[in-house]
Amino acid sequence: MATLLTGSTGYIGAHIASNLLADHAEPLNVLVRARDSEEARGRLWRSLQLHMDFQRFDDFYHSRIRVFRGDLTDSRFGLADDEYSALVRSTNSIIHCAASLNRKSEKSCLNVNLRGTLEVIQLAMRARDNHGLRRFSHVSTVAVAGHRANEVVEEDSAIDWNRSDYDPYARTKKFCEHMLRQLLPDVPRTIFRPSIVLGDSRRPETNQFEMVRAFVFLAGLPVLPFRSTDKVDIVPVDYVAGAISTLHQKEKPAHEIYHLSSGTRSETFVQLTDALAKAQDKRGPKYVPGLEGTTSKVINALAGRAGKVGGLATLLKVFLPYLVWNTVFDNRRVVAEMGASPAPFSKYCYPLLRFSREKNFSYPYKDLPGTAAVSAAAAAREARR
Ligand SMILES: NC(=O)c1ccc[n+]([C@@H]2O[C@H](COP(=O)([O-])OP(=O)(O)OC[C@H]3O[C@@H](n4cnc5c(N)ncnc54)[C@H](OP(=O)(O)O)[C@@H]3O)[C@@H](O)[C@H]2O)c1
């Protein structure tokens, strides 16, 4: 019997896939968007090459991985009846990691996060009724906590239906958790809520650059419109994926919900900029919190415009609320169960910054041996996203 992982071509999903393949023996069903099996293989290689060489990938691909070419937004993922039924019959646990993180698009969040999660839940019900489901793990987000200011939020009180949300992403992810509880009351569930996932504490390489781009831009400014002692809850992807793959495999995790975050040990802006300044032998920025209002006005005015500046402003516009809310997410549950805390961002932020600048915010992907066309198709798909 296999674990079904959605989102294996994404940043966190590929880290989870790599852990499951390396540390556990069971087969892995993956749902991948692709027109044909060669494109699917190429897209998986693209996401997994950060974690393994081609030989190892190829071995896993032929021995442990079964690809279901499907889309969350299609009924039964758009699979033919025999494929869908094979997916139901072979799946005995699910890690649902796929999502739309497009904070600006109500439509995309509605379709991928709500309709897509409902499809995954329906698959879970069919597997449960067919042979039983060991566990359903759902990758959510701390953003479900809605508007907050100067708080330490605990898992069980994070969702408050009377609070407003920052964006459609947060709103739809909040409802996904609700659907899961309502529709699968009898299935063991785990809900993982990562905070801002940025970089890998084990190495400088990354293939996700969206947040890194915002971070590198802010890190280069001489003046920052923030309060220097505000905390920002950042967690490395290796900690997040390690916790998800370990706790999902546990027979009885101690809790249903886990914040995968840095919690009260989150660092302040000034701790981070001091670490960066020291690493580069430079002076740190000046903090002028009074500029926050003007900065958001400028960002709002530039967001949506064409070109690099418009793109950066759009990015900052969606992330700004999460940078200035001075809110952290209590992580005592995961730290107790994993026996370790996440590495502090100050310890690995400079290598991440240097790698991203040197590579001009793009990962030097290797093609599948002999198939440049697959990578061109994957690049075209990424550009359309
Ligand atoms: N990154 C963070 O800072 C962060 C923080 C908190 C929570 N999270 C949560 O972590 C999870 C993974 O995030 P990530 O950063 O790894 O995102 P990501 O790199 O954008 O990956 C998203 C994954 O979802 C898949 N997906 C999207 N739409 C789909 C569809 N219609 N059908 C099938 N698959 C679809 C993508 O497939 P394609 O490759 O085909 O697009 C990709 O594999 C999400 O649930 C997110 O809410 C992330």
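In which hand, right or left, does helix H1 pass helix H8? The close-up views described below are taken from a predicted model, and the first of them takes up this crossing.

**View 1. Helices H1 and H8 meet in a right-handed crossing.** Helix H1 spans residues 11–23 and helix H8 spans residues 237–249, and their axes, which come within 9 Å, cross at roughly 50°. The two helices are therefore oblique to each other, and H1 passes H8 in a right-handed crossing. From H1 the contact draws on Tyr 11, Ile 12, His 15, Ile 16, Asn 19 and Leu 20, while H8 contributes Val 237, Val 240, Ala 241, Gly 242, Ile 244, Ser 245 and Gln 249. Sorted by class, the residues in this contact of H1 with H8 comprise 8 nonpolar and 5 polar residues, with no charged residue among them.

**View 2. Helices H4 and H5 cross at roughly 60°.** Here the axes of helix H4 (residues 81–90) and helix H5 (residues 106–130) come within 8 Å, and the angle between them makes H4 oblique to H5. The crossing of H4 past H5 is right-handed. On the H4 side the residues in contact are Tyr 84, Leu 87, Val 88 and Arg 89, and these meet Gln 122, Leu 123, Arg 126, Ala 127 and Asn 130 of H5. The contact of H4 with H5 is made up of 5 nonpolar, 2 polar and 2 charged residues.

**View 3. A salt bridge joins the side chains of Glu 151 and Arg 163.** The N to O distance in this pair is 4.0 Å. For the model as a whole, the count comes to 26 salt bridges.

**View 4. Asp 165 and Arg 171 form a salt bridge.** In this pair the closest N and O atoms are 3.5 Å apart. What is the relative accessibility of Asp 165, and does that residue count as buried or exposed? Asp 165 has a relative accessibility of 13% and therefore counts as buried, the cut-off for that class being under 20%.

**View 5. Within helix H6, Glu 177 and Arg 181 are separated by about one helical turn.** The two residues lie 4 residues apart in H6, and they form a salt bridge in which the closest N and O atoms are 3.5 Å apart. Glu 177 is buried, with a relative accessible area of 0%, while Arg 181 is partly exposed at 27%. This pair belongs to a network in which salt bridges that share partners join Glu 177, Arg 181, Arg 189, Arg 193 and Glu 256.

**View 6. Ser 63 in helix H3 is shown together with Pro 27.** Ser 63 is found in helix H3, which covers residues 54–63, and it is exposed, with a relative accessible area of 55%. Although Ser 63 and Pro 27 are 36 residues apart in sequence, their C-alpha atoms are 8.0 Å apart in space.

Notes:
Residues are numbered from 1 along each chain as its sequence is written. This is a predicted model: local features need pLDDT of at least 70, side-chain atom pairs count only at pLDDT 80 or more; totals for chains, interfaces and linings use all residues. Side-chain values use heavy atoms; hydrogens and water are left out. Buried means under 20% relative accessible area, exposed over 50%, partly exposed in between (1.4 Å probe, protein chains only). Axes are lines fitted to C-alpha atoms, for helices over the stretch in contact, and angles run from 0 to 180 degrees between N-to-C directions. Angles under 35 degrees count as roughly parallel, over 145 as roughly antiparallel, 65 to 115 as roughly perpendicular and the rest as oblique. A crossing is left-handed if the near helix is turned anticlockwise from the far one by less than a right angle, and right-handed if clockwise. Contact means heavy atoms within 4.5 Å. Ala, Val, Leu, Ile, Met, Phe, Trp, Tyr, Cys and Pro count as nonpolar, Asp, Glu, Lys and Arg as charged, and the others, Gly among them, as polar.
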